[in-house]
Amino acid sequence: MSDTAIPKVEMRNISKSFPGVLANDCVDLKLRKGEVLALLGENGAGKSTLMNVLCGLYRPDRGEIYIDGKYAEIHSPRDAQKYGIGMVHQNFKLVDSMNVLENTILGLRDEPFVPDLKRVRSRLVGLAEQYHLDVDPNASIWQLSVGEQQRVEILKLLYRNAEILILDEPTAVLTPQESHELNRVVHVMKQEGKSAIFITHKMEEVMEFSDRVMVLRKGKVVAETDTSATTPKELARMMVGRDVLFQIEKKPMTPGKVVLELSHIEALGDRGLPALKDVSFQLRAGEILGIAGVAGNGQRELAEVVTGLRRSSKGKMQIEGEDMTNKSPLEIIRRGVAHIPQDRASVGAAGDLSVASNLAMKQYRSRPLATGIFLLQKKIFEFAGRLIEKFKISTPSPKTQVKFLSGGNIQKTILAREIGAARTLMVAVYPSRGLDVGATETVRRQLVSQRDAGLGVLFFSEDLDELLQISDRVAVLFEGKIMGIFDANTVNIDHIGMLMAGMDREAGA
Amino acid sequence: MDFLTSVLTITIRAGTSLTIATIGEILTERSGILNLGVEGIMLMGALSAFATVFYSHSIVLGFLVAVCIGGLLALLHAFLTTTMRANQVVSGLSITLFGTGFSSFLGQRLGPATNNFRLVGLRAERIAPLAPDWAKNIPILGAFLNQDIMTYAVYLLIPLAWFFLYKTRPGLWLRSVGEDPQTADAMGINVAKTRYFYTIIGGMLIALGGAHLSLSYTPGWSENITGGRGWIVIALVIFSMWNPARAVWGALLFGGINAVQFRLQASGTSIPANFLNMLPYVGTIVVLVLMTWWEALSKKVGAPAALGTSYMREDK
């Protein structure tokens, strides 16, 4: 492919700002036909914003888009569809209560008034075979695993004859094996002459998936190069703007007494189906137990049972040897258990309250922040000020509402509060999800230092590298069952991947 | 036999306005908009229909005016909740407060001078049952023949609404907007337009339900003629699990209890009238709670997932 050929997509001089943030600053992007372009950058670098502009969800403040060399007016997702642009968003755009077929034809104007679902099914099945995207067309979305849902998303775009596919961090929710599958699918699409843009912040994926890579930092293009001409290390430096420490210093573990013990715990999920099945493990003081697994295999339910937010239907839970089965969250907090929840915006922090209030949320019951029923505002602000400084939370003031902070700073706020309340056990659910490299480092360091301070840490992560790096032991959760618990220093990452997909090595899968 | 026939007649007739309004509210709520203005819109529909027919002697015109008024009030609700992003509960309650007060006010102003400008106590043309007199006297079967054209239209509307919602392209789009507006938007569906459209259609049907009260079920205007039926409609929507096919059963249940207590009162029972008047409401609520409870236990709950929330594309 020569540079003189007309690019399939050309975005020129795109700028887009949100209140207080310039998300894209005069960005140029070229995508050639039959090419896979990786869009690399930290969280908040403006990758998703740029792609949301391309697929018509955001209107740019400035800039133009050309498709096949012709000016394209894209004001809505419908316009983008007409130009053959389709995007698999990070939060899938699927209606949970509808089935695969209904989702496939959603929004398609050329379907007849009464859609012929039989015809839709046969075309969908054809596409599924062609691209090896196996999925049950009659299943409702909520019944499908995250990996299957992603396949539905891709099939949906193929059904719409998308020529330009945008994948927003597609591997974040996949097992290593599923990621390889996805890579193969992308490869087939390339051979059919389709083009793809691939958003990621993982270097390995850039190397594995893409032909060319473009690096964004703080809304600007900082580099653009052929993938074969670069290295992961160089990419990382360009992305962050400095050398990155991939390793975290960790002292050898000095395990103490058992702080958390689950025996044969079972619990139901939100839909009333079993979410945890016969879960048993011990966690000692001074130890990090990592929980591996694809999202939706019982991680949230497990964290909720441990923190008292969900009832267990069977089994026993002990904290420091005392029976705490189905005790209230307050009683569990009083035992010194801290919780960094999965959903930081809605469960972890009260968005409409100030940073100071959020920081004080676990200590407001007693001195020094309160006397009797009265809150001591001055003390609360002093307390908050200390934590803001210590954890480097960047906020205009302690009075700022938390919802106006970035994801990383909300997470630091929660971390600061929870570490203050932690005495025996820290439950951290995806604490670094969606954070940039700097904030991720802070989070990881804090977890390790909690362990060194003699707490037990129950650590959930979707990032296997992170998990193996931080944890002392790793347990794999699949469909609510513990598939095995391993020493993090000696375990084989492929073996973990197999177990995450529910395959046992012995079963010969 | 005679008793049964007459109870059945009233049951079906009372169910008509409830069913139309319930289907209207189902369509609205399926788009994610909760319209608590049902009571107010029904009252305005009932008043405007009766006043129009009183002066123009045209039932068709009466229905048309009611539909327009209902559409306008719903348009206001759609504007406040979709464009201005007001709280849907507050906006809906305001419309009910407005409709209740304004219909009562107009009822004392729109009448002829001979009646002190009041509409209460006047008679106008009403929609009469289609069947000839002899047919109405056939036991049981007469109950089905002794109905007006609106009632038959409703029983045509139910399967149509069901088919529309579950089997057609626009129905699929409507459901997607109420379930997941982000997804609908990304798939090229205009969320705001959809919500406006079905809120207005819903308001029109709700007003039509009100018009049936003043033109057929209890012909004439009286203050608060709906007697809280608007709230029963809200309950029936939940009872029906947002499915038009099930709307009619709740409506008939309410109508049935109403008919029985009505007959009991007429027969001079010693049970206090106030207690009997209360029965349809209590009965509906009790059955509703039991049914919903049972449904929720047995499987999924059917409320549109985005019901009551506003949607703006670039919201963070």
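Predicted model: local features only at pLDDT ≥ 70, side-chain atom pairs only at ≥ 80, totals over all residues.
## The six-stranded sheet of chain A

Chain A contains an open sheet of 6 strands with mixed pairing, in which the strands follow the order S16-S19-S20-S13-S21-S22. Its edges are formed by strand S16 (337-340) and strand S22 (481-487) of chain A, each of which pairs on one side only. From one strand to the next, the twist averages 15°.

Strand S19 (residues 425-429) of chain A runs parallel to strand S20 (residues 456-460) of chain A, and the two are joined by 5 bridges. On its pairing with S16(A), S19(A) is again parallel, here over 4 bridges. Individual positions show how these strands are set against each other: Val427(A) in S19(A) has His339(A) standing opposite, and Val427(A) itself stands opposite Leu458(A) in S20(A). Further along, Val429(A) stands opposite Phe460(A) in S20(A).

How many residues of S19(A) are buried? The strand is mostly covered, with 5 of its 5 residues buried.

Helix H17 (residues 493-500) of chain A lies across strand S13 (287-292), strand S21 (473-478) and S22 of chain A, and its direction runs at about 25° to S21(A). The loop between S21 and S22 of chain A holds Glu479(A), a residue that has a positive phi of about 50° although it is not a glycine. Glu479(A) has a relative accessible area of 45% and is therefore partly exposed, this class lying between the 20% and 50% limits.

## The four-stranded sheet of chain A

Another open sheet of chain A has 4 strands in the order S2-S1-S4-S5, with antiparallel pairing. S2 and strand S5 (70-72) of chain A stand at the edges, and because each has a single partner strand, one side of each is left without a neighbour in the sheet. Neighbouring strands of this sheet are turned by 30° against each other on average, direction ignored.

The bridge partner of Ile67(A) in S5(A) is Lys70(A). Helix H1 (residues 47-54) of chain A packs on the sheet, where it touches strand S1 (9-18), S2 and S4 of chain A, and the helix direction makes about 115° with that of S1(A).

Gly34(A) lies in the loop between strand S2 (21-31) and strand S3 (36-40) of chain A. Its relative accessible area of 17% is under the 20% limit, so Gly34(A) is buried. Apart from residues up to four places away in sequence, Gly34(A) touches Lys190(A), Gly193(A), Lys194(A), Ser195(A) and Asp211(A). Val95(A), by comparison, is 61 residues from Gly34(A) in sequence, and the two C-alpha atoms are 31 Å apart in space.

## Residues and a surface patch of chain B

Ser48(B) is found in helix H2 (residues 38-56) of chain B and counts as buried at 8% relative accessibility. Leaving aside neighbours within four places in sequence, Ser48(B) is in contact with Val65(B), Ala66(B) and Ile69(B). Val67(B) lies 19 residues from Ser48(B) along the chain, with 9.2 Å between their C-alpha atoms.

Asn116(B) lies in the loop between helix H4 (88-107) and helix H5 (133-136) of chain B. Although Asn116(B) is not a glycine, it has a positive phi of about 60°.

On the surface of chain B, Ile271(B), Phe275(B), Met278(B), Val282(B), Val286(B), Leu290(B) and Trp293(B) form a nonpolar patch, with about 660 Å² of accessible area together. One of these residues, Phe275(B), has its place in helix H13 (residues 273-298) of chain B.

The table gives the relative accessibility of single residues.

| Residue | Relative accessible area | Class |
|---|---|---|
| Gly34(A) | 17% | buried |
| Glu479(A) | 45% | partly exposed |
| Ser48(B) | 8% | buried |
| Asn116(B) | 61% | exposed |
| Phe275(B) | 43% | partly exposed |

Conventions
Residues numbered from 1 in each chain as written. Chains lettered and ligands numbered in written order. Heavy atoms only, no water. Patch = residues over 30% accessible without salt bridge, like charges linked within 9 Å, V, L, I, M, F, W, Y side chains within 5 Å. Areas by Shrake-Rupley, 256 points an atom, 1.4 Å probe, with all protein chains shown as cover. Salt bridge = Lys/Arg side-chain N within 4 Å of Asp/Glu carboxyl O. Buried < 20%, exposed > 50% of the residue type's maximum accessible area, 1.4 Å probe, protein only. Pairing = 2+ DSSP bridges. Axes fitted to C-alpha atoms, helices over the stretch in contact; angles between N-to-C directions. Contact = heavy atoms within 4.5 Å.
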